[in-house]
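Please look over the sequence and the structure below before reading on. The notes that follow are meant to be read beside them, one topic at a time.

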Amino acid sequence: MGALDNVMIGMTAEKTVVVTSEMTVGHFVAEMPQVYATPMMILHMEMASGSAIAAHLPGGFVSVGMDVKVRHLAATPVGRKVRAISRVIQIDSKSVVFEVEAWDGDRKIGDGTHRRGIVNVLEFEKRFGVRQLATSVA
């Protein structure tokens with residue numbers, strides 16, 4: 001059985017956030033406006049994409065971002081609600097491609113595609129020397 005056997009074209013998920021000052025480009029770069037930062041929009045698109053398939057992956061597998069092609073179309077001020085929407089549009093042997101959009105009310109503020117690779121967590125950690133932090137004290 002493959003890790004993507006239960007992932008289907010058309011699966012969707014959304015991530016909804018209210019823009020805070022910590023999500024603005026002005027928070028990260030002095031002298032810039034206090035509007036929703038492009039990297040934050042991409043993060044929320046990636047989170048929606050991961051959510052769309054997470055429950056359909058076998059135990060021990062996760063998806064990781066590996067490619068983003070996104071346009072940021074309009075500024076969004078602090079206090080506005082943003083919906084990042086993701087839909088599976090392509091599946092290959094080791095990755096999934098999503099169509100992504102971000103909306104501020106009825107106004108589209110971003111769109112594009114995002115690819116996520118499917119990895120076995122234990123093999124990934126071993127390959128890259130990554131360790132999870134201990135959650136309990138012995």
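This briefing goes from the sheet to the helices, the core and some single residues.

The model is predicted, so local features are described only where pLDDT is at least 70 and side-chain atom pairs only at pLDDT 80 or more, while totals for chains, interfaces and linings use all residues. Residues are numbered from 1 along each chain as its sequence is written, and side-chain values use heavy atoms, with hydrogens and water left out. Helices (H or I, at least four residues) and strands (E, at least two) are DSSP runs, numbered from the N terminus.

**The sheet**

- An open sheet is formed by 5 strands in the order β1-β3-β4-β5-β2, with antiparallel pairing, where two strands pair if DSSP finds at least two bridges between them.
- The edges are taken by β1 (12–18) and β2, and each has a single partner strand, so one side of each is left without a neighbour in the sheet.
- From one strand to the next the twist averages 25°, with axes being lines fitted to C-alpha atoms (for helices over the stretch in contact) and angles running from 0 to 180 degrees between N-to-C directions.
- Strand β5 (residues 107–120) pairs with β2 in the antiparallel sense over 11 bridges; within this pairing, V62 has V119 as its bridge partner in β5, and V64 stands opposite G117 in β5.
- Antiparallel pairing also joins β4 and β5, over 10 bridges, and here E101 stands opposite D111 in β5.
- The strands β4 and β5 form a hairpin with 2 residues between them, and in the turn G105 has a positive phi of about 65°.

- Helix α3 lies across β2 and β5 and runs at about 85° to β5.
- The N-terminal end of helix α3 (residues 121–128) is capped by N120, which has a side-chain oxygen 3.0 Å from the backbone nitrogen of L122; just after α3, G129 takes a positive phi of about 70°.
- The count of aromatic pairs comes to 1, under the rule that rings of Phe, Tyr and Trp (its six-membered ring) pair if their centres lie within 6.5 Å, with planes under 30 degrees apart counted as stacked, over 60 as edge-to-face and the rest as tilted.
- The rings of F124 and F128 have centres 5.0 Å apart and planes at 50°, so the pair is tilted; because F124 and F128 are 4 residues apart in helix α3, about one helical turn separates them.
- With a relative accessible area of 32%, F124 is partly exposed, and F128 also counts as partly exposed at 48%; buried means under 20% relative accessible area, exposed over 50%, and partly exposed in between (1.4 Å probe, protein chains only).

**The nonpolar core**

- The largest nonpolar core has 26 residues, of which Y36, I53 and V96 touch the most other members; such a core is a set of buried Ala, Val, Leu, Ile, Met, Phe, Trp, Tyr and Cys residues joined through side-chain atoms within 4.5 Å.
- Two or more residues of this core come from each of β1, α2, β3, β4 and β5, and the largest share, 5 residues, comes from α2.

- Residue S63 lies in strand β2 and is buried, with a relative accessible area of 14%.
- The side chains of S63 and R116 are joined by a polar contact of 2.8 Å, a polar contact being a pair of N or O atoms within 3.5 Å; within protein, one must be able to donate a hydrogen and the other to accept it, and residues adjacent in sequence count only if both atoms are side-chain atoms.
- Residue D67 lies in strand β2 (residues 61–72) and counts as partly exposed at 27% relative accessibility.
- The side chain of D67 makes a polar contact of 2.7 Å with the side chain of K69, and, leaving aside neighbours within four places in sequence, D67 is in contact with T113, H114 and R115.
- Residue E31, found in the loop between α1 (25–28) and α2, has a positive phi of about 75° although it is not a glycine, and at 81% relative accessibility E31 counts as exposed.
- Most residues other than glycine have a negative phi.

Terms used
Contact = heavy atoms within 4.5 Å.
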